[in-house]
Amino acid sequence: MSAAAHGVYSDVIRERWRKPRHRGEVPGANAVAEDVNPLCGDRVRMMLTVAPDGRIEAAGFIGDSCAICTASADVVADLVTGRSRADAAALEVADVLNVLQSEIRPTRMRCVTLPVSVLGQALNGSKRA
Amino acid sequence: MRLDEQTRPDFPILQRIVNGHPLVYLDSGASSQKPRSVIEAMNRYYERSHANVHRSIHTLGEEATELYELARDSVQRFIGAASREEVVFTRGTTDGLGLIAETIGRTLAKDDEIVVTELEHHSNLIPWQLVARDRGAHLKAVPVLADGTLDMAALDRLITRRTRVVAFAHVSNVLGTITPVAEIVRRARAVDAITVVDGAQAAPHLRLDMPSLGCDFYVFSAHKMLGPTGIGVMYGRRAVLDSLEPGRGGSEMIKEVWIDRAQWNDLPWRFEPGTPPIAEAVGLTAAIEYLEKVGMERVGEHEQALTRQTLEGFARTAGVTVYGPPASVDRGAVVAFAVEGLHPHDVAALLDAEGIAVRAGHHCAMPLMRRLGVVGTSRATFSVFNSPDEVSLLLAAVAGLRSAL
Ligand SMILES: Cc1ncc(COP(=O)(O)O)c(C=O)c1O
């Protein structure tokens, strides 16, 4: 079965699913948003700590989500940490796919895009420093 | 001969190789595959007889009308309806439930009550939410107990003198629970409430007999019972249909029209505005004939045996949780399950890599998911063409999943 799994998900997805680096609450987060994927009911909450100078000091996520969505959220958190808020807002799905290194079928694309859109909501909803 | 040995050659799609494996299709609960006779009947209709129905005074129009109306007779026989006027064609279960909700909705007043259950498919919940909102009515839900059955004591409390509608599924598309239709109908009738039964998962699996169920409305989709997409049935008890104004208007459902008013057509056409799904009706006739030839008792027994095999197999598999009533009781051909540490979508994707098609997600039953405390489940469903060997493949594949990711 594991052999089949290799064909289904990339090593990056499998690794990030097993050991996400950014899963968990972010104490003191000041930019937070949560949304669901209506297709499957998956739920992702992104939490960011944005410093007064607009730099993202910490990012994390929690959620009920599949391997692809979890890996995507983890990669999003990775990519935005240390960036300016403007840079983070410019993050695209392609950037995430680039890291995931996996062929994603159309039916699962929402699993990748959900964390990216939640990131956008978090950045929009938070007060500008 | 076992039923699947007899039926498998009739389903062309079972020849498919998926991801290097012979297709194991365990998603008939979402939509079943079609026997050749259904596909051929529809082709034959399009190649020989197609025209619009009812108003065409030419040979093809007459043939099309005859075939369309023949489908009504087939359905009447299949569900044991008292008359063909009680059989209304719709676009499917969702369409039928929406039509009923809109039609009954117009008769509701502020503070009237609609009772549904927690195990409803969104198709039997959202139309009632819309109606309740429009009319200022109240929506109440019968809870589901831990064993997957309805809380019948709560039902007694929820049905009051203000209850106008009781709408519920015959078979849960997640838990497989078979609800006590006749009993619920009896309690609803005591307060003169209209009963609406969502039979989407029951029609493919159980022998139906409308008079013994006693409900006012019963709806289902052809595509889950070996027939085509795009057509469904709304059975309505004659006395109730007679008492209702049509919920939707258009051609076909009228006798005479003036600019400011119209006279309605007779039953059942009064509830069928617009050009109906004619080829689909032809396909539905062929599907019913297929099921009748096998015999619904045999269909039910076969699917029940596969369901039991799956439940018993999963019970022996570490890390697998199943939902719904135990294997010992009668249930629909549905097994929802969870694999410890894996998300249902990943379960479905990993099984697909082995050619096994199961469904994953909330199954359009989010309130039920919430009650079960999960975001979703994986779900295997069975039809006449599934074999015990396929169940064994599923069980073996699922047993190997926990180490897969
Ligand atoms: C219990 C139940 N109700 C309603 C539906 C909706 O059926 P359809 O999509 O054919 O309208 C389904 C199937 O998806 C179902 O399982």
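## Interface and sheet of chain A

The contact (heavy atoms within 4.5 Å) takes 21 residues from chain A and 22 residues from chain B. This is a predicted model, in which local features need pLDDT of at least 70 and side-chain atom pairs count only at pLDDT 80 or more, whereas totals for chains, interfaces and linings use all residues. Residues are numbered from 1 along each chain as its sequence is written, chains are lettered from A in the order in which they are written, and side-chain values use heavy atoms, with hydrogens and water left out.

The size of an interface is often given as the accessible area lost when the parts come together. Between chain A and chain B the buried area is about 1600 Å², of which carbon and sulfur atoms give 60%; this is the accessible area, taken with a 1.4 Å probe, that two parts lose on being put together, summed over both. Across the interface the rule for salt bridges (a side-chain nitrogen of Lys or Arg within 4 Å of a carboxyl oxygen of Asp or Glu) finds 2. Asp352(B) forms a salt bridge with Arg105(A), and their closest N and O atoms are 2.9 Å apart.

On the side of chain A that touches chain B, the elements giving two or more residues are helix H1 (2-8), helix H2 (11-18) and H3, helices being DSSP runs of H or I with at least four residues and strands runs of E with at least two, numbered from the N terminus. The largest share of that side, 4 residues, comes from H1(A).

Chain A also holds an open sheet of 3 strands in the order E1-E2-E3, with antiparallel pairing, where two strands pair if DSSP finds at least two bridges between them. Its edge strands, E1 (31-36) and E3 (56-64), each pair on one side only, and the twist averages 10° from one strand to the next.

| Strand pair | Bridges | Facing residues |
|---|---|---|
| E1(A) and E2(A) | 6 bridges | Ala31(A) opposite Leu48(A) |
| E2(A) and E3(A) | 8 bridges | Met46(A) and Phe61(A) |

E2(A) and E3(A) form a hairpin with 5 residues between them, and Gly54(A) in the turn has a positive phi of about 90°.

How values were computed
Axes fitted to C-alpha atoms, helices over the stretch in contact; angles between N-to-C directions.
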